[in-house]
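Student: Hi! Could you walk me through this one? I have it open on my screen.

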Amino acid sequence: MLVSEAALEDVHEDVHKTQPWNNPDAVPYIRFENVTKKFGDFYAVDDVSLDVYRHELFALLGGSGCGKTTLLRMLAGFEEPTSGKIYIDGVDMAGVPAYERPTNMMFQSYALFPHMSVEQNVAFGLVQDGVSRSEIKQQVAEMLGLVQMTKFAKRKPHQLSGGQRQRVALARSLIKRPKVLLLDEPLGALDKKLREQTQFELVNIQEKVGTTFVMVTHDQEEAMTMASRIAVMNEGVINQTGTPFELYEYPNSRYTANFLGQVNLIEGVLVDDDEKYAVIKSDEAGCDIYIDHAVQGHQGMTFWVALRPERLRITKEEPKETKYNCLSGKVEEIGYLGGISTYHVRLASGKRIKVTEPNSTRQIEPRYTWEDTVWVSWEAGAASVLSK
Amino acid sequence: MSNKRSTFLLSALVFGFAFLYVPILLVIIYSFNEGKLVTVWAGFSTKWYVSLFSNDGMIDAAWNSLRIGVMSATLALALGTPAGLVMSRFGRFKGRTLFSGMIAAPLVMPEVITGLSLLLLFVTLEQMIGWPAGRGLSTITIAHTTFCAAYVAVVVQSRLSGMDISVEEAAMDLGAKPAKIFFVITLPMILPALVAGWLLSFTLSLDDLVIASFVAGPGSTTLPMKVFSSVRLGVSPEINALATLIILAVSVMIVIASAMILRSERMRSRASAGADA
Amino acid sequence: MSSEKPTLKQRFDRWMIKHGRVLVIGIPYLWLFLFFLVPFLIVLKISFSMAEYAQPPYTSLFSWIEEGVTITLNFGNYLFLLSDSLYATAYLNSIRIAAISTVITLLIGYPMAYGIARAQGSMRSVLLMLVILPFWTSFLIRVYAWIGILDREGLINAFLLWTGIISEPLIMRQTEFAVYVGIVYTYLPFMILPLYSTLEKMDISLVEAALDLGCKPWQAFAKVTLPLSMPGILAGSLLVFIPAVGEFVIPELLGGPNTLMIGRTLWNEFFANRDWPIASAVAIAMLIFLVVPIMWFQHIQTKQEEGQQ
């Protein structure tokens, strides 16, 4: 949290506007208060409290069965919480049925009405509200323009490609100008290339309409590309909430560190600590690890040092300074991916360390080969220390 | 090896379909036989059709059966559709197990038991509340409605189970209330199942002999009852003619229905191909 | 949306939603309860009552109702069923005939269902339609068709006599053999359809995987296809077995006077002897035997539905 704390010292109006979660006076737009949902004896969501602010693109990230979809469905009104409260724009949503909530949802399967044309699908929400026909016509045309589907207005869903259906679903869920748009795996049904392209389109549309988006995804890349903030969920509990930057650079747990990107976790014991530094002794690593900031905990406590593979240096020669942060081992696996190479280095303890290195210059032959003895080292500031 | 297997499967299919169709074909062929005996071909004739249509008892019975069929199929649809909806969309509720039992059991219950029990119910009701006064078309209709409703419920339920529930949730999310969702979204989507359910009920009702025999009263003889009493005495060319007409009507209906299903299937497969593109 | 009290219309709508649910469940529930479940209770009650032989069934029932409260349970009807070997024979016959017919239907139906499931696209639809088509034509007429074939003066005998293979007509109709033919013939579609739907859903690459891992084709069938199609086998078998036990029309039209089956016995007790209490006792006895298979069938149905969802 160092960077965000530093940022807070330099408080500025703009920051409060673009990062309302850092403004203690900001009023959350969506609020989960100790929400629990049980299915039988199973806790799908377990005592979750969460604030989402206006105009955010908020992502709930987690593996399947972590409770993220249940949380979203409680927001939409398809499930009632077993206990706890949900507020949207200050209004308690308890007992408000889905058709009266100021939310709209884009379904994972898109759930387009198969017997209605694109136009009729998009108009459906307005028809329910009894909006006049001319008004509907104008708004549908506007919305189809926004998602670039004007040409396909008369088609039936089965005559559309996956990407086109996704746009129709988006238009249909946006047309009622909901206070909150809920997206359940919005890009899950698209192939990889289309998905990457659509990520940015979706963000652009969100910026244009200014609606608060809450989305559910299992794809960490998607969440990091699109979201203003992410809540990482596991087994019905929110593990950590933060911006993509915070989550990646300052994970609070091994789960978050593992879930976002790749990480080496080295177990060790705190042997020396100070206001400015800490030293962790690790049998696994076979060396002491020097951390350039204080850690919270007492000596003798077990910690995990998280090291991102791209922050590690791999060398054939022994570095000059080897007292701290320097591991030695043998190259066990090599993955040549063109732009980067990944190496798995087996340490004397049997622990494997993953290192990625950019291939920034052209080589005549690969730099390392199997069973080469190499050294792996890193800057003191590259590591995060996790206690759970 | 796989050749051996496909030869086996092919002969199984050929034998099976021959088994299914040869008797029916023979009935059709002999309906045009001039003579009365099955074994002797006495020349082509349509005289049995003529005599069938001049058999007033037969025509009356057919008319009874058609009326019962239409009424009970329609009632069965009205009862079976909500029953299927309840089974697939309403989740848990008190007495659900009994409900699902009452839907599954009529499908396999021996007809003699259903028939007897319904008759005893009607008699008891008549003793207690004076309704139904006597038995006739209405009691047969009630009986048929009951077991046909179970069939409709199963057909509707299996169609709904195969349907993406989020389509209905999307309608609710966009502001439609439950009753409206059913009529605007669910009903159009299960329409083929409803048509199939109605036709199934209609044919089941038209076909039933045993239950109708129990709950029928004087003057409410149905076509199967009429056919049964004449068939008991042996082969009758008039029945051959009747059978041919029924088979013809059913075949036309089935061919039209399958053509419709084929068309919608082709559209669906084209749709999924479009999604991949 | 404000947090004020809901308007009158909203309250009305909510009331409708709450009670609409009860209504949608209630109407079919009530109907099935009244016209399917209650009748069995009445049958049960009447099976414990005494028959008044000389009187028409109406009054005998009426007198029973009048005394309803005071009458103690009369097991006479059931004791009579036990004492007369006719009923025991009819029961055992029905179960035996139904079981054997079920096995024959399975043996004919399985390869057919398998063949249809493995057929190519439009061919498959045509074959499936051909299976369903006889199911839609009149059951009575399909049984009737066999009279002309199996009769003493029927087509098979005529053909065999003409070829000279036999010199005396074979007795085929009015035998148990004819009953088997009739049951297998009329119930075959009920076996094929559930079998087809499980076999069609099965991923063919599972069999390929088994072959790839060294199974011979028959082993792959026995170890992969057969176990996976078990739900279809069970559903199909129960769909044939349960109604076949109570079958009336087929033994009546194709079986001989000696082919006793329980459905026929019930029919005769009711229509010929007009002994309603005995008929009811027969029905209850049949039902007791069928309760387990029926519940099993329902269990399979529910499991398949859940599997789909």
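Student: Let's start with C:Ala178: is this residue buried or exposed?

Tutor: C:Ala178 is buried, and its relative accessible area is 0%. Keep in mind that we are looking at a predicted model.

Student: Why does C:Ala178 count as buried?

Tutor: The cut-off is under 20% relative accessible area, so C:Ala178 counts as buried with its 0%.

Student: What about C:Asp151, how far is its C-alpha atom from that of C:Ala178?

Tutor: Those two C-alpha atoms are separated by 9.6 Å, and the residues sit 27 residues apart along the chain.

Student: Okay, new residue. Where is C:Gln298?

Tutor: C:Gln298 belongs to helix α14 of chain C, residues 276-308.

Student: Is C:Gln298 buried or exposed?

Tutor: C:Gln298 is buried, because its relative accessible area is 17% and the limit for buried is under 20%.

Student: Which residues does C:Gln298 touch, again not counting those up to four places away in sequence?

Tutor: C:Gln298 touches B:Thr97, B:Ser100, B:Gly101 and B:Ala104. That takes us over to chain B.

Student: Then how many residues are in contact between chain C and chain B?

Tutor: On the chain C side there are 89 residues, in contact with 97 residues of chain B.

Student: Let's look at chain B by itself. How many helices and strands are there in chain B?

Tutor: Chain B has 12 helices and 0 strands. Its C-alpha atoms fill a box of roughly 70 × 70 × 35 Å along the principal axes.

Student: What share of chain B counts as buried?

Tutor: Of its 277 residues, 55% count as buried. Chain B also exposes about 11800 Å², with 70% supplied by carbon and sulfur atoms.

Student: And the charges of chain B, how many are positive and how many negative?

Tutor: Chain B has 19 positive and 14 negative charges, and their mean positions are 5 Å apart.

Student: Last topic: what is the secondary structure of chain A?

Tutor: Chain A comes to 10 helices and 20 strands. Its C-alpha trace spans about 80 × 50 × 45 Å along the principal axes.

Student: How much of chain A is buried, and what about its accessible surface?

Tutor: Chain A has 388 residues, and 51% of them count as buried. The accessible surface of chain A is about 18600 Å², with 49% belonging to carbon and sulfur atoms.

Student: How many positive and negative side chains does chain A have?

Tutor: Chain A has 43 positive and 53 negative side chains, and the centres of those two sets lie 9 Å apart.

Definitions and conventions
Residues are numbered from 1 along each chain as its sequence is written. Chains are lettered from A and ligands numbered from 1 in the order in which they are written. Side-chain values use heavy atoms; hydrogens and water are left out. Helices (H or I, at least four residues) and strands (E, at least two) are DSSP runs, numbered from the N terminus. Buried means under 20% relative accessible area, exposed over 50%, partly exposed in between (1.4 Å probe, protein chains only). Contact means heavy atoms within 4.5 Å. Accessible areas come from the Shrake-Rupley method with a 1.4 Å probe; for residues, only the protein chains shown count as cover. Lys and Arg count as positive and Asp and Glu as negative; His and the chain ends are not counted. The place of a charge is taken as NZ of Lys, CZ of Arg, CG of Asp or CD of Glu.
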